[in-house]
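Trainee: I've got a structure to look through with you. Can we start with the strands?

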Amino acid sequence: MASQDDVHRETGGVVPEIASRLHLRAIGPVVARALTDAGRDWSTIDVVAVTHGPGLAGALLVGLNTAKALSFAQDIPLLGVNHLEGHVYANWLVEQVEPRFPLVCLIVSGGHSDLVLMRDHGEYVRLGHTLDDAAGEAFDKAARMMGLGYPGGPAVQQAAEGGDPTRYPLPRAWLRPSWDFSFSGLKTAVLRTVREAGDGVVVPDLAASFQEAIVDVLATKTVGAAREHGARSIALAGGVAANLPLRARVQQLSERQLDDVPVLIPPVRLCTDNAAMIAAAGHFRFEAGERSALDLDVSPVLPIA
């Protein structure tokens, strides 16, 4: 991994042009470091797996063109991987209960909040998705409103520790009977609260109330979808899955409402973007005989299903 958080913290979020330039600067040393740390050379590599979407076009182009060059130069296959699928497969990188199908996965990463039914490797049905702001975007924007900095998820979680989650009655968009999400109204409610309270706003309480509103909806819908679709496992994936209250709430609701349905959660370091999860997803597709051509292009809005 090569983090850009320190740079993007200065602008309060990701500037696409800056991100792609930082990708270009980092990718060569990162590839070399990965091989060195693993004690491997190119003769031991079977396939180059690479994200080709969704995401920022400039950053995707840096990764994809590098992967194409390596594939061509080393004469090994290329395999394009969906970034969201990569997050799901972070759950196959750790020693825990073996994921059982059908599986319901909550993918909460950056601009994505998706509920997916996974029937087998590579077989997905999208049950629900965000209709406006995703959970990660809402965390970043709310954190900025409260003066908590970037990235918003860890900042809000830290500020919420010891806060009263009932002090500010923030809304939940349940959108029943669908499994879709909407956090735009919640974001607006935080903005209104900050403006009306002014210097009197209690940031720890507002952060706790905001976090509770997001966790409540995400966890309730995830466990509800698992119950309705007869899931044998629940999985969390993506950067927001690093949120400790979310992890605990999904576990608690599953234990209360479902019978013997394990909740799979990657360690925090594998929830945020990383290369290992793309390799894990690529492994299963490679074993199934899939390959990509060198004319593979980026797809910034590539859906998982």
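This is a predicted model: local features need pLDDT of at least 70, side-chain atom pairs count only at pLDDT 80 or more; totals for chains, interfaces and linings use all residues.

Trainee: Which residue in β5 is the bridge partner of L117?

Mentor: V125.

Trainee: And how many residues sit between β4 and β5 in their hairpin?

Mentor: Two. Look at G122 in that turn: its phi is positive, about 80°.

Trainee: What about β3 and β4? In which sense do they pair?

Mentor: Antiparallel, over seven bridges. V108 stands opposite S113 of β4. These strands form a hairpin too, with two residues between them. There, G110 takes a positive phi near 55°.

Trainee: New topic. Which residues touch the most other members in the largest nonpolar core?

Mentor: L170, F183, F210, I214 and L218. That core has 52 residues.

Trainee: Where does the largest share come from?

Mentor: From α8, with 13 residues.

Trainee: Back to F210. What is it in contact with, leaving aside neighbours within four places in sequence?

Mentor: F210 contacts A138, F139, A142, V156, L170, L186 and V190. L170 is also one of the residues touching the most other core members.

Trainee: How many residues are in the other core, apart from this one?

Mentor: That core has 22, among them V81, M118, Y124 and I278.

Methods:
Residues are numbered from 1 along each chain as its sequence is written. Side-chain values use heavy atoms; hydrogens and water are left out. A nonpolar core is a set of buried Ala, Val, Leu, Ile, Met, Phe, Trp, Tyr and Cys residues joined through side-chain atoms within 4.5 Å. Buried means under 20% relative accessible area, exposed over 50%, partly exposed in between (1.4 Å probe, protein chains only). Helices (H or I, at least four residues) and strands (E, at least two) are DSSP runs, numbered from the N terminus. Contact means heavy atoms within 4.5 Å. Two strands pair if DSSP finds at least two bridges between them.
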